[in-house]
Amino acid sequence: MLASGAAHFAFVESLGRGAGAVAAWSGAVVVASRCTLYSAALAPRFSHQPAWFRWVGPYFLIDQLYVMVLAEPEAEDDPDFFRRYYLAFGCVMSVGWAIAIGAGILVGPVIPAEWRLELLLTALVVTMLRSVVRSPATRRAAAAALVTGLLTSGLPSGTGLLIATAVGIAVGLRSAHDEPNRERAP
């Protein structure tokens, strides 16, 4: 949760819009809770790892690393490869994140607001999803979350993101449950 950039943005944006510290923190916790889903999805891969990795590895878990691990088939079958791959990219991304934060602090104040750089975050998420949204169930889940996110984007403190995530998960689970039944149907 400490490295959740989206949670950082939600916290700072909420404070900037006049929310109290508790409300801003609560919104950030909601946004960061997606890391719990990532953890649950990666739990089988972590179960075959040494204890030190099970303690250190979760520190690096962010959206980009999660997607990269899912997109690498060898990371699923070989525990040693998974550990090396995960740690290598986790370390690179952590250093990159620290550098980007520093650059943002220095350069951010001089970039005109008209440039709408917040749209880059959306482009990043869409690019990440492209590599893992392959099955009809995941496409339906992503589409449902996208539409819901657009419709609820004006809600305060990350609530729209929470609702969009819940809708995407519900549609994905329902679609995944229905897919085997569709294959058997004539």
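**The nonpolar cores**

The largest nonpolar core holds 20 residues, and L42, L65, V69, F82 and Y86 have the most contacts inside it. A nonpolar core is a set of buried Ala, Val, Leu, Ile, Met, Phe, Trp, Tyr and Cys residues joined through side-chain atoms within 4.5 Å, where buried means under 20% relative accessible area with a 1.4 Å probe, protein chains only.

This is a predicted model: local features need pLDDT of at least 70, side-chain atom pairs count only at pLDDT 80 or more, and totals for chains, interfaces and linings use all residues. Residues are numbered from 1 along each chain as its sequence is written, and side-chain values use heavy atoms, leaving out hydrogens and water.

- A second, separate core of five residues includes A7, A28, V31 and A32.

**Helix 3 against helix 5**

- Helix 3 (residues 34–46) and helix 5 (residues 63–71) pack at an angle of about 30 degrees, with axes 11 Å apart; axes are lines fitted to C-alpha atoms over the stretch in contact, and angles run from 0 to 180 degrees between N-to-C directions.
- The two helices are therefore roughly parallel to each other (angles under 35 degrees).

**A closer look at A24**

- A24 lies in helix 2 (residues 21–32), and its 0% relative accessibility makes it count as buried.
- The C-alpha atoms of A24 and A7 are 9.5 Å apart, although 17 residues separate them along the chain.

How values were computed: Helix = DSSP H or I, 4+ residues; strand = E, 2+ residues; numbered from the N terminus. Parallel < 35°, antiparallel > 145°, perpendicular 65-115°, else oblique. Buried < 20%, exposed > 50% of the residue type's maximum accessible area, 1.4 Å probe, protein only.
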